[in-house]
Amino acid sequence: MTDTAMKPHALSIENLSLEFPTYGGAVKALDGVTIQVGNAEIVGLVGESGCGKSVSTMAATRLLPEGRYRITQGSIRLFGRDPTVMSDEELQQVRGKLVSTIFQEPMNALNPTIRIGKQLVGVIRRHEAISRRAAETVASNILSDMLIPQPSRIMQAYPFELSGGMRQRVLIAMAFSCNPGLIIADEPTTALDVTVQAAILRLIQGRARRTGTSVVFISHNIAVVSQICDRLYIMYAGRIVESGPTRAVLDTPQHPYTRALLRCLPERVQPKAQLESIPGTVPNLIDPPAGCFYRPRCQEADERCYAKPQSTTLAGGQAVACWQRLKSQTPVSSEA
Amino acid sequence: MTIARIIVPRFILLFFVVFGVAIITFTISHLIPGDPARMIAGDRASAETLENVRRDLGLDRPVTDQFVIYVRNLVHGDLGTSLRTRRPVASDIATFLPATLELGCISLVLAVLIGIPLGVFSAIYKDGPIDQIARTISVCGISMPVFWFGMVVILLFYAKLQILPGSGRLAMQFASPQRVTGFFLIDTLLEGRFDAFLSAVRHLILPTFVLAFANLGVITRQIRASMLDVLQEDYIRTARASGLRRRAIIFNHALRNALIPSITLLGLAMGDLLYGAVLTETIFAWPGMGTYVVTSIQTLDFPAIMGFTVVASIGYVLINLLIDLAYMLADPQIREVG
């Protein structure tokens, strides 16, 4: 993050609040979320299901159902441009070319009735003015870059003829095919066998590093993201509770929620020791609790936690939104 | 290879189906009360005349013999002789079937050509005005009985407005064209009689529209439902996230998949045309299979009824074969794996 100061961030979400109106009241999916993704940076977004990880990024690519959500405050910038005011045509040119998304379910994420090659060529030719033949070469090259054996044979195949891991590689190839500046990887390994997870992670990381592509990596598994990410954001109930360089967050987790997440990992627990789980459940986002949303489940909570904690940046670039940390650490600066 | 694997079993099946249908129709025709000889000879015929008619028709021989003769003739394409028209049933059917096919094919094409786009736009603009109109049309199509709707249409366009003919295939002043295909639209053109062709077109409008309307409703509803399903699919989200154009996503990515569940429906619709034709033809005095079979039933013309049933069952098996082939075309998973 040294030579990128002049260029706009790949993705910059500032103090974003977003809600889904329902008959039971507005579901406050995001509450003051701030996420910065620098150029060529790999950033992890971690949290439980429904905490707003996907919503944040889908708001940025406008893939949320139009008309069903409301942005109540904050701003989004994709390479300095505001996606919320783009026309359909502009959006279509941005998607796939400037920012592409890899989704979770490789089983259904490819069209079952169209050959792999045709799907790849369709995306490439949408964004690059090249011949079908040339697009096929590009597709074939990127497939082999994803370590897919016999790419020309795979391009003739239909999705149902491939394994889940192979399909995910194809989807990653599709995401990288037009050399986007930013890739949003939304739980790309969750549906895969543990044995192929690591390989897929390395493919995304390797290609992104070689091409200088920024990546937002969304996962509910902190161990998975920590393998490839430069920085982490920990989300809880629509708020960022902690962020910072991966090493710092893992070694000195500040927020009680981050610590609890780390204690839930089987890898970090001594053999035969009891594996932990976090008591309680995620709060109702139509009528969330006052103050810190994690308070009802937090073992360290006291009366201060009934007020909303502000995010405080600590030494080493780590930031945390927790009252308990304010007394023990020296805040460098405090964001309003 | 895979095509053979689909076609061959169907033809083996066809043999069994026709044989089964022959047994059933033969049995039923002998169980139903009513004496064909009496129908032909008339109420006041003497016992001797009746006996002669029976002998002529082979009705005096044992039932098993009659069946063996019937099946033997069937194998040779001989469906027997109509008691009413005194002509071979096979040639009667050859005369009337093309009229029904012409009516059925055009109304099916009409239903598909209108129904699919209507369903697609209904799904894209869900709950909007287009959707409301499309849904109203499809509910009307499904719920209005053909015989009632047919009457209304005749009353309006023929009796009141007098802009379209309400019965027959051609206006009185035109002679029927020489039978080449049996489709008046084609045969009149082959003879270069453009005025007769126009008359044939005008005669087709009302019956095809009435016959198409019910299927139109069913097709629209099915396409709408499966499009709504498909548009929720992950691969549509992938296509959107890749920046593909809306039109390309809807027609190349979504419709292709939404058509697959509609194929079965299309098969059923084709089957429905056979029975819908019976009602439509009766209302519009359309000289097709429907009119033929209704008259045959009224006159207890067993050979004709049995002939119609056999031909209809062959039709059903062929339709099923077509459906299987259509599935193969539409769904690569069936095509490649078999």
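# A tour of chains A and B

Begin by selecting A:Glu89, which has a relative accessible area of 37% and is therefore partly exposed; buried means under 20% relative accessible area, exposed over 50%, and partly exposed in between, with a 1.4 Å probe and protein chains only. The model is predicted: local features need pLDDT of at least 70, side-chain atom pairs count only at pLDDT 80 or more, and totals for chains, interfaces and linings use all residues. Residues are numbered from 1 along each chain as its sequence is written, chains are lettered from A and ligands numbered from 1 in the order in which they are written, and side-chain values use heavy atoms, with hydrogens and water left out.

**Stop 1**

Helices (H or I, at least four residues) and strands (E, at least two) are DSSP runs, numbered from the N terminus. Is A:Arg126 buried or exposed? Its relative accessible area is 14%, so A:Arg126 is buried.

Next, select A:Arg81 and A:Glu90, whose side chains meet in a salt bridge at 3.8 Å, N to O. A:Arg81 counts as partly exposed because its relative accessibility is 36%. A:Glu90, at 34%, also counts as partly exposed.

**Stop 2: helix H6 of chain A**

Select residues 164-176 of chain A, which make up helix H6. Its 13 residues reach 18 Å from the first C-alpha to the last, close to the 18 Å expected at 1.5 Å a residue; the expected span is 1.5 Å times one less than the number of residues. How many residues of H6(A) are buried? The count is 13 of 13, and the helix is mostly covered.

**Stop 3: A:Phe293**

Move to the loop between helix H10 (256-263) and strand S10 (312-313) of chain A, where A:Phe293 is found. With 7% relative accessibility, A:Phe293 counts as buried. Apart from neighbours within four places in sequence, A:Phe293 is in contact (heavy atoms within 4.5 Å) with A:Asp31, A:Tyr236, A:Ala237, A:Arg239, A:Pro283 and A:Pro288. For a distance check, pick A:Asn111: A:Phe293 and A:Asn111 are 182 residues apart in sequence and 40 Å apart in space, C-alpha to C-alpha.

**Stop 4: where chain B meets chain A**

Display both chains. The contact takes 23 residues from chain B and 27 residues from chain A. About 2200 Å² is buried between chain B and chain A, with carbon and sulfur atoms giving 55% of it; buried area is the accessible area (1.4 Å probe) that two parts lose on being put together, summed over both. Select B:Arg237, B:Arg240 and B:Ala241, which supply 23% of the area that chain B buries against chain A, more than any other three residues.

Between the two chains there are zero salt bridges, and nine residue pairs are in polar contact (both at pLDDT 80 or more). A polar contact is a pair of N or O atoms within 3.5 Å; within protein, one must be able to donate a hydrogen and the other to accept it, and residues adjacent in sequence count only if both atoms are side-chain atoms.

Which elements of chain B give two or more residues to the side that touches chain A? They are helix H10 (234-241), helix H11 (246-284) and helix H14 (332-337) of chain B.

**Stop 5: within chain B**

Select B:Val17 in helix H1 (residues 2-31) of chain B. B:Val17 counts as partly exposed at 26% relative accessibility. B:Val17 touches B:Ser313 and B:Val317, not counting residues up to four places away in sequence. B:Val17 and B:Ile314 are 297 residues apart in sequence and 7.9 Å apart in space, C-alpha to C-alpha.

Continue to B:Ser199, placed in helix H9 (residues 194-231) of chain B. B:Ser199 is buried, with a relative accessible area of 7%. Leaving aside neighbours within four places in sequence, B:Ser199 is in contact with B:Arg169, B:Leu170, B:Ala171 and B:Phe174.

**Stop 6: salt bridges in chain B**

Finish with B:Arg54 and B:Glu51, which form a salt bridge with their closest N and O atoms 3.8 Å apart. Because they are three residues apart in helix H3 (residues 47-57) of chain B, about one helical turn separates them. Then select B:Lys126, B:Asp127, B:Asp131, B:Arg135 and B:Arg224, which salt bridges with shared partners join into one network. Over all chains, a search of the whole structure finds 26 salt bridges.

Definitions and conventions:
Salt bridge = Lys/Arg side-chain N within 4 Å of Asp/Glu carboxyl O.
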